[in-house]
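Here are a few notes to read alongside the structure. Take them in order and keep the 3D view open.

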Amino acid sequence: MAQKAMPHDLAPAQEAPTARDDGPGLLTLDGIGVRFGGRQVLNDVSFTLSKGEFAGLIGPNGAGKTTLLRVILGLLQPSGGKVLVAGEQHLRSKQLIGYVPQKLVIDPDMPLRARDVVSLGLDGNKLGFSFPSRQRRALIDQALADVGADSYADHRVGELSGGEQQRVLIAHALISRPRLLLLDEPLANLDLKSEQEIVALLGKLAREHEIAVLLSAHDMNPLLHVMDRIVYVANGHVATGSTDEVVTSAGLSRLYGHHVDVVRVHGRVLVVAGE
Amino acid sequence: MHYLFEPGLLASGPVRTALLIGVVVAVTSGVIGVFTVIRGQSFAGHSLADVATTGGSGAFLVGLNQFWGFLAAGVAAAALMEAIGVQRRRGRDVATGVVLGAALGAAALFLYLGTQQTSTTGASFTILFGSIFVVSADTVPVLIASGVLAILTVVVLARVLLLTSLSPDVARARGVNVRLVGAAYLIALAISVSLSAVAIGAVLSTALLIGPAATALRVSRSPVKAMAVAAATGLAATWIGIVLAYDSYYWPPHGHGWPVSFFVVVLVLAGYLPRPRPVARRSPHEGAECSPA
């Protein structure tokens with residue numbers, strides 16, 4: 001699936017800085033702290049993602065995964081530290097980030113077909129109407145084909161299954177050619193088969209389009225074979241590295257602040273609270 | 001033919017004005033209503049209508065054109081709703097229990113005082129339930145201009161409104177000022193409700209806003225089609241309502257026409273009820289998501 005050449009006027013992300021990001025990494029978090037009403041939710045979070053890297057943002061429910069994604073998106077002001085995307089602090093970076101939010105509830109009456117949702121990814125943040133053109137249609141068809149959603153392109157999104165909706169939302173996030181894709185719990189509420197398919201799809205997209213992917217999940221197992229890096233959040237702190245480096249009894253016990261056992265069974269990892 | 005269509009219908013000045021107002025109101029309500037339903041803001045529409053009642057009765061009391069009363073109160077209410085956050089549950093409770101109660105109470109006072117002053121008992125009815133036949137032809141250009149303004153606002157904001165309805169967070173992350181867009185939309189909604197209040201009364205105005213839009217959303221796949229269907233449905237209800245009201249002059253009790261708004265809301269209901277939910281158009285590849293990508 002080769003990347004098609006993009007018509008210039010429909011490719012906002014292409015004007016964005018391209019040359020300078022090979023140095024420090026595509027996404028850099030430096031000493032991020034977040035405080036909600038006197039409670040410190042995240043402390044000194046620092047890590048770097050490079051171009052094409054697939055990272056899992058793993059941690060128990062309530063650990064601050066969504067909070068961290070919101071900080072990266074610029075939806076939440078951290079109480080300390082900074083976020084750099086392609087070497088820039090927020091102002092110009094918005095179009096460099098694609099975002100798939102946590103489970104959307106889309107009413108079946110919502111008059112949006114899958115292709116309309118993808119079309120909103122192209123210029124839904126702009127005023128005025130978008131006029132249909134052959135160029136535009138080809139671009140949308142390609143984005144739908146990239147995620148394997150072409151067979152239900154003309155169905156209402158509200159009528160699609162959870163896995164199908166995820167694919168459409170991924171196409172929506174990718175059509176503006178971001179450099180970084182953030183996904184908030186995209187595997188929640190999916191059946192096992194859809195879960196595997198979405199993971200395989202994201203791994204493939206990260207490789208082929210050289211996009212850095214940061215995906216949050218409370219279970220790391222579906223991601224073990226695609227993750228280049230794990231960003232493990234617990235107790236307001238983050239540990240990062242390869243899965244083998246980070247997910248150890250000693251390392252996670254330090255992170256959680258109490259003893260946990262890491263058990264590996266048939267290539268799967270279980271983290272259980274110990275005495 | 002005589003029985004369906006009483007003679008002299010189109011020769012009557014008030015009827016022609018009414019038919020024209022019907023077009024303005026139905027098209028505006030159709031376009032705005034589709035977004036109201038998509039955004040889940042029917043409640044906001046109804047709240048605006050209740051507060052517009054206060055404005056209309058206030059205008060009647062001081063002898064102004066009621067449309068200005070509807071409009072001023074509606075826009076003020078839109079600003080207030082933005083402030084108390086009517087989309088949040090708690091905001092809704094406050095709005096329903098406190099603000100809307102107070103608004104309708106004030107309307108009761110204004111209507112009472114107004115009817116005492118002028119001894120025109122019909123005014124209360126006109127404000128609450130509308131009377132499209134008594135709108136003066138001078139008001140029509142103002143109504144058209146207001147309708148165009150509301151429609152333009154929504155057309156300019158269409159994509160952003162859709163993106164925001166899909167996910168406010170995605171819109172925010174892409175630099176959309178969600179709050180500002182929401183406020184602009186509420187003002188357009190207030191204008192639309194005021195127009196509808198002129199046609200079928202403040203209390204019933206949401207029927208024309210939400211009913212045709214809800215019907216249209218069942219059968220249309222794209223927002224543009226839904227708006228067209230909603231406008232056409234609303235227009236049909238309004239025009240047929242006007243014709244029936246004109247005819248009803250000869251119905252019992254003889255010599256008293258039935259209110260247009262009665263016919264309009266019944267037709268809106270009739271348009272919504274019979275259509276079964278369309279079976280999701282899912283072709284044989286029901287399990288297509290499982291095929292290898």
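This is a predicted model: local features need pLDDT of at least 70, side-chain atom pairs count only at pLDDT 80 or more; totals for chains, interfaces and linings use all residues.

1. Residues are numbered from 1 along each chain as its sequence is written, while chains are lettered from A and ligands numbered from 1 in the order in which they are written.

2. Of the 275 residues in chain A, 44% are buried (20 or more other C-beta atoms within 10 Å of the residue's own, with C-beta atoms placed from the backbone). Among contacts in chain A with a separation of 6 or more, 67% link residues 24 or more positions apart; a contact has the two C-beta atoms, placed from the backbone, within 7 Å.

3. Now for the sheet: six strands of chain A form an open sheet in the order S6-S7-S8-S3-S9-S10, with mixed pairing (strands pair if DSSP finds at least two bridges between them). S6 (97–100) and S10 (237–241) of chain A are the edge strands with a single partner each, so one side of each has no neighbour in the sheet. From one strand to the next, the twist averages 15 degrees.

4. Inside that sheet, S3 (54–58) and S8 (212–217) of chain A pair in the parallel sense over five bridges. Opposite A:Ile58 you'll find A:Ala217 in S8(A).

5. Which strands does H1 of chain A lie across? H1 (65–73) lies across S3, S6, S7, S8 and S9 of chain A, running at about 150 degrees to S7(A). Angles run from 0 to 180 degrees between N-to-C directions, and axes are lines fitted to C-alpha atoms, for helices over the stretch in contact. H4 (162–174) of chain A packs on the sheet too, touching S6 and S7 of chain A, at about 160 degrees to S6(A).

6. On to the partner: the contact takes 37 residues from chain A and 34 residues from chain B. On the chain B side, H6(B) gives the most, with nine residues.

7. H2 (114–123) of chain A packs against H6(B) at about 115 degrees, with the axes 10 Å apart. That makes the two helices roughly perpendicular (65 to 115 degrees). A:Val117, A:Leu120 and A:Asp123 of H2(A) meet B:Arg159, B:Leu162, B:Leu163 and B:Leu166 of H6(B).

Conventions:
A residue is buried if 20 or more other C-beta atoms lie within 10 Å of its own, exposed if 12 or fewer, and partly exposed in between; C-beta atoms are placed from the backbone. Helices (H or I, at least four residues) and strands (E, at least two) are DSSP runs, numbered from the N terminus. Angles under 35 degrees count as roughly parallel, over 145 as roughly antiparallel, 65 to 115 as roughly perpendicular and the rest as oblique.
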